[in-house]
Amino acid sequence: MFKTRHILLASHDTDGARAAEKTALALCPPGGTLHHLIVVPDFWKGMQGDDWLNNASTRDIFGRYVENQLEDEIRLHVQRLQKLAAKRRIRYRPDMTLGKPTDCLIERAKRTGIDLVVIGSPRPRSKAGLRSRMDTEKLTRALRVPLLIVPRPK
Amino acid sequence: MIYTKKTPWTLIMGVIMVAYAYMVSAGMMEPLIKLLHTGKHAGEMVTLGYWFGGIAVVVGLWQLLATPKQGQADYYISTIGGLMFIMLIAFVVKWGLDPMMGLWGKNAEPALGFNFAKMLNLNYVVMGIIAGIIVVNVFKIPEWAQNGVRLSRLGLKTGVILLGTLYSLAELAQLGKLSVVLIGFFVLGSVGLVLWMGARRNIPNSMGGVLSAGLGVCGVSAAVAAAPVVQAKSTEIAYTIGTILLWGILMMFIFPIVGKAMDMGPIQFGAWAGTGILNSAQVAGAALAFQPDGIETLKVAEIFNITRVLFLPIIVLWLAVWYVKREQTDLKVNLGEVVLGKFPVFVLGFILMFALSSTGVFAPAQHYKGKFFDNSEAKLVKTDKEGKVHSKLLKDEEVATLQAEVGKVQREDQKAAIARLMENKKTMSIDDDTLLRGVANAKILSKDGNAILKKAHGAVYHTAGKIKMFRNLIAWFFTFGLVGLGMQITMASIKQAGGQPLIIGTVVGATKAIGALIVVMMFVHETI
């Protein structure tokens, strides 16, 4: 049986990710560490698209507004997981980064001694949500530790 | 922070540009120029090649050899690499790909049965935007070019400002009235339709607010301006912008194809594109795609665009008040702040250039469509270096044709104008010209008779040198701006299109495009 004292969980507050969170918390023993990776997809960098009419101040206000929105959403997400981890006496290490989810997860998994990576299963195509998916094939080829893909609740 | 990147690319691009300009001036590119029929661009190939290439060589050397210091100068110089990157792509597209595509289109016509390049409007504007999109999505914009690519916005704004030099008071007044009516109806209609549909489909007010601004006013720009005001969630912003970009790009390609299929003229197409396309940049792209070798369509489309942009602060204010009422939030709406903050300052530049142009600084006052009236002998009769006389006065046989047909004209004032034309062999005044154009447009005379009237009109209208220069500059500013804007359209953001915004966006976008087409075809005529 492999040790699961250091679990890397990648989640972004969707149904599948919440199922992954539950599983990660259940697998992590008290005293273990739950590394929580939250990736802000890099498509946000191009989200001003072809806006050329606004002045710099309006663009700045928009940029700051989006940043604050994302931060608020992440803060609530982290607070919720932090509480759940504390209840189970699990050390909780949140880590936020900007980029492509798959690349960020591979990079993060390499950095510290992770025993297991947990993610939720991809969202069905018909289900609404941001189009920023994990490339599971790339992930399985690149990871040197076990990967657990938790199915979405029915 | 030091913005300048140590890169050899600016220097390399400069050397390429200078070398190309030299090869053109030395005649080494003659076979290619002949093959592609780009001789008319040879002058600008040399001038622009030397100018931009020279600047790129100097800045490129500085970037490689000097040690940049923190400050404004460092930032401004750091933009040169990106600027040259866009210009190099524009050169390749305009002088190479565009004529080559034209050639391929012609060659493939016998096999395909149609000219694909013409049908798909694969001209330098469309291909420039596509090149930009390919660069950002396939190759990524190099770090050293990123500051310069952002300058493309400035290019488009400068292009619009310079457009102010090309309108006459009559044109601006007529187009202005038309655009206020059409844009007013369709902007307010689209915003209202989105809010109504949103309420029926139970989408949050914040999403309805940001989506209605984007679909109703001017695409991504309006969504960016409205999102903080209606407190849109991040996913709502992503959905909305994705939907708008997807629609904008599709429409930019579809509109010119439909416009040509329906045999629309510059005024009709400009009015339709300016009203029916969501994104302002795509309006410019579609107008230039429809008429790449002239800017009459762009002129009309931009008046509609500017009118729409002027609606932006009003709509944002409306949405802010609407949102506060609906959500009962603590958000305070400051009228002055919203209107001033969202007011497009560059429109003032357009008005200033128009005002300057009206004083006769660039061309004699009362110029029409960039041309001015002058029927003096000095303008109509010229002698070339070899002593050969070129006259634009009517010939005796042309006068005879008119004499034979003048009986068809019923209105006395038009008859009198034709009589003066026949007597003097030239149009005698602007009023006469207006009357004669009325006869030609009404097609009262035969084909030959109409051709003579049109020739008489063309003979007394002259393009001022400065106006010609502005036309070229405007075309280049828009080309630069659109290639650069293409580099800011990422597939990752377009991919976010989906959910309710896509459904509502499709319904409202299609309604707006089709509705505008019907109204334009019914009420907008090719003469103003």
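1. In which loop of chain A does A:His12 lie? A:His12 sits between strand S1 (6-10) and helix H1 (15-27) of chain A, where helices (H or I, at least four residues) and strands (E, at least two) are DSSP runs numbered from the N terminus. This is a predicted model, in which local features need pLDDT of at least 70 and side-chain atom pairs count only at pLDDT 80 or more, while totals for chains, interfaces and linings use all residues. Residues are numbered from 1 along each chain as its sequence is written, chains are lettered from A and ligands numbered from 1 in the order in which they are written, and side-chain values use heavy atoms, with hydrogens and water left out.

2. With a relative accessible area of 48%, A:His12 is partly exposed, a class that falls between buried (under 20% relative accessible area) and exposed (over 50%), computed with a 1.4 Å probe on protein chains only. Leaving aside residues up to four places away in sequence, A:His12 touches A:Ala17 and A:His77, contact being heavy atoms within 4.5 Å. A:Val39 is 27 residues from A:His12 in sequence, and the two C-alpha atoms are 7.4 Å apart in space.

3. Turning to the interface, 25 residues of chain A are in contact with 42 residues of chain B. The two chains bury about 2,900 Å² between them, 62% of it on carbon and sulfur atoms, buried area being the accessible area (1.4 Å probe) that two parts lose on being put together, summed over both. On the chain A side, A:Asp50, A:Trp52 and A:Leu53 lose the most area to chain B, and together they account for 29% of what that side buries.

4. In chain B, B:Gln268 belongs to helix H14 (residues 266-276) and counts as buried at 11% relative accessibility. A polar atom of the B:Gln268 side chain lies 2.8 Å from the backbone oxygen of B:Val524.

5. Helix H11(B) is mostly covered, with 14 of its 14 residues buried, and just after this helix B:Gly219 takes a positive phi of about 65 degrees.

Definitions and conventions
Polar contact = N/O pair within 3.5 Å; in protein donor to acceptor, adjacent residues only side chain to side chain.
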